[in-house]
Each structure stands twice: as structure tokens, then as C-alpha cells.
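Thanks for coming. Please have the structure open while I talk.

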Amino acid sequence: TLYDDVPEVLRELHGRGLKIGLISNSHRCMESFQSHFALEGLFAAAVTSSVHGFMKPHPSIFETALRQAATSAAESVMVGDSVAHDVEGARRLGMRAVLVSRGFVPSTCPPEVPVIRSLRELPALL
């Protein structure tokens, strides 16, 4: 499943000229995922743990995505729903992070990390 706000926000950000990367601790094929949800052409990088060999928060999965997107950690923002995997993994490399928490905000979320309830809130933060 994919939340209904995801495709529209990804298309908006891509339309603004931002590079979008996808890093997933999944065994799902990224090509079929992009095709199934009509997201082809939106991602400058797509890395899955099953292909890469390491899972988030391991630094190498983030570094691989940054290389694929031809960008640096300092210029990038990780948007994810896990403090341990997404937020902390990205921040260790010097990336900014945004937590998507559609329910409660975990007490482990650092206070300086923005928390959004919907991806529709993301464009205003970038």
C-alpha cells in the first residue's frame, strides 16, 4: 500500500527540480514498485537493503543513495517513519531528517527533528 499523499507530493517535489531518492529495508523490487504506483522517472536513486546488502541505519545504504543521486549528505534530507532507521541513520552521515508520524510522536525523536503528520507538510520544510 501507498498513502494517497505520497504520489502527489513526490510529483510536486520532482517538478520543483529536487532530486528524490528511495532507500528501503525491503525485499521488494524497486522497478516493479515504481511501475505499480506510476512513479517512474521520479527517483534519482533507489536502493533496497536486499540488493545492497545492508539495512538502514547502516551508513553504506545512505552513501550509496547519495552517490546515485550525485549529491552530498549536507545537501540532503531523509524523510522517513522510523527514528532508529531513518532519522538516526541519516543524521550520523550529516543529513537533515524529517520524521513522518501519522500517529503518535515517538519519545525517542530528537526535538530538533521536524515531525509531520502527512507528506503534504513536507514541501513547506524544503
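Proline 57 sits in the loop that runs between helix H3, residues 49-52, and helix H4, residues 59-68. The peptide bond that joins lysine 56 to this proline is cis, with omega at about 15°. Keep in mind that this is a predicted model.

Next, two alanines. Alanine 38 is not a glycine, yet its phi is positive, at about 55°. Where is alanine 38 found? It is in the loop between helix H2, residues 30-36, and strand S2, residues 45-48. Is alanine 38 exposed or partly exposed? It counts as partly exposed, because its relative accessibility is 43%, and the label "exposed" needs over 50%.

The other one is alanine 70, in the loop between H4 and strand S3, residues 77-80. Alanine 70 is again a residue other than glycine with a positive phi, near 55°. Its relative accessibility is 59%, so alanine 70 counts as exposed.

The largest pocket holds about 1,400 Å³ of space. It is lined by 44 residues, and the closest to its centre are Gly21, Leu22, Met78, Val79 and Gly80. Which elements give two or more residues to the lining? They are helix H1 (5-15), strand S1 (21-24), H2, H4, S3, helix H5 (83-92) and strand S4 (96-100). By residue type, the lining of this pocket divides into 25 nonpolar, eleven polar and eight charged residues.

That is what I have for today.

Definitions and conventions: Residues numbered from 1 in each chain as written. Predicted model: local features only at pLDDT ≥ 70, side-chain atom pairs only at ≥ 80, totals over all residues. Heavy atoms only, no water. Helix = DSSP H or I, 4+ residues; strand = E, 2+ residues; numbered from the N terminus. Buried < 20%, exposed > 50% of the residue type's maximum accessible area, 1.4 Å probe, protein only. 1 Å grid on protein atoms, 1.4 Å probe; cavity = no way out; pocket = protein on both sides within 12 Å on 5 of 7 lines; lining within 4 Å. Points joined across faces, edges and corners; volume = space filled by probe spheres on them. Nonpolar A, V, L, I, M, F, W, Y, C, P; charged D, E, K, R; others polar.
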